[in-house]
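Please work through the following exercises on a protein structure. Each task is followed by a solution in steps.

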Amino acid sequence: MTFIEQLRTAERENGSLLCVGLDPEPAKFPTHWRGDASKIYDFCAAIVDATADLVNSFKPQIAYFAAHGAEVQLEKLMEHMRRSAPGVPVILDAKRGDIGSTAEQYAKEAFERYGADAVTLSPFMGFDSVAPYLTYHGKGAFLLCRTSNPGGDDFQPQRLLDVPGQPRLYEHIAALAQGPWNLNGQLGLVVGATYPAEIERVRALAPTVPLLIPGVGAQGGDAVATVKAGWKSVNGETIAPIAVNSSRAILYASADMDFASAARAEAIRTRATLQQAAAA
């Protein structure tokens with residue numbers, strides 16, 4: 001089963017457009033684990049177990065593990081997710097963007113060491129920074145397109161005067177992901193929930209690629225506007241799936257021993273909001 005098929009299946013079986021981001025910060029852990037980086041696996045595994053039937057994907061952010069020397073804990077977590085939530089695809093949020101043999105090593109890290117189903121990439125260095133990941137049959141790669149951070153305005157909305165039609169940079173990336181770069185249907189795009197008009201534009205240019213949409217929850221993105229702009233279906237069938245990511249609002253819904261049940265309650269609330277928006 002390809003990554004996109006996995007995402008679509010998880011959406012249908014769990015009735016969910018929600019992606020839970022796993023960004024473990026020991027300083028924000030529950031009081032009995034606070035500041036203890038050795039508990040990264042335990043914290044994330046508890047979140048996974050509490051939300052696995054409520055999501056269409058999980059998204060561990062590699063920097064939160066690597067900063068604490070917790071790569072082995074990430075390997076263990078990936079194994080746990082494959083074992084306890086086998087139908088839920090895992091997107092490794094790494095934002096890699098190098099070329100040649102270095103890109104090949106990053107691809108090996110994501111897909112062989114960690115066993116991720118998809119990875120996030122920066123397309124700034126061109127197609128040869130993406131191609132090594134596409135040699136892994138069935139795996140996915142989400143290209144940064146229109147991101148939710150304020151600094152995204154520095155480049156992404158600027159027009160490319162030498163490209164026919166003078167598209168904005170993010171529009172050009174969307175068109176490449178829909179067309180010539182998407183050799184085997186493995187590409188997706190990252191678009192921020194704080195820019196629903198741009199999500200709608202990206203969806204118009206890339207009508208069949210999956211979208212990873214961070215920014216809902218603590219970052220303030222509008223869940224209803226996000227789904228309206230990015231999710232499309234025909235006769236009840238999803239044309240291209242979306243994964244609407246929420247991290248901190250779910251992970252740190254409680255600072256006490258009930259953190260996992262509180263995370264589940266917040267995930268239920270967010271999933272319901274997304275479902276209602278899709279139904280509308």
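The exercises below concern a strand and its neighbours.

The model is predicted, so local features need pLDDT of at least 70 and side-chain atom pairs count only at pLDDT 80 or more, whereas totals for chains, interfaces and linings use all residues. Residues are numbered from 1 along each chain as its sequence is written, and side-chain values use heavy atoms, with hydrogens and water left out.

**Exercise 1.** Determine how many residues of strand β1 (residues 18-22) are buried.

*Solution.* Step 1: buried denotes under 20% relative accessible area, exposed over 50%, and partly exposed in between (1.4 Å probe, protein chains only). Helices (H or I, at least four residues) and strands (E, at least two) are DSSP runs, numbered from the N terminus.
Step 2: 5 of the 5 residues of β1 are buried, so the strand is largely enclosed by the rest of the structure.
Step 3: Leu18, Val20 and Leu22 point one way, while Cys19 and Gly21 point the other way. In a regular strand, side chains alternate between the two faces of the sheet.

**Exercise 2.** Identify the strands that pair with β1.

*Solution.* Step 1: pairing requires at least two bridges found by DSSP between two strands.
Step 2: β10 (residues 242-246) pairs with β1 in the parallel sense over 3 bridges; here Ser246 stands opposite Val20.
Step 3: β2 (residues 57-60) runs parallel to β1 and is joined to β1 by 4 bridges, with Pro60 as the bridge partner of Leu22.
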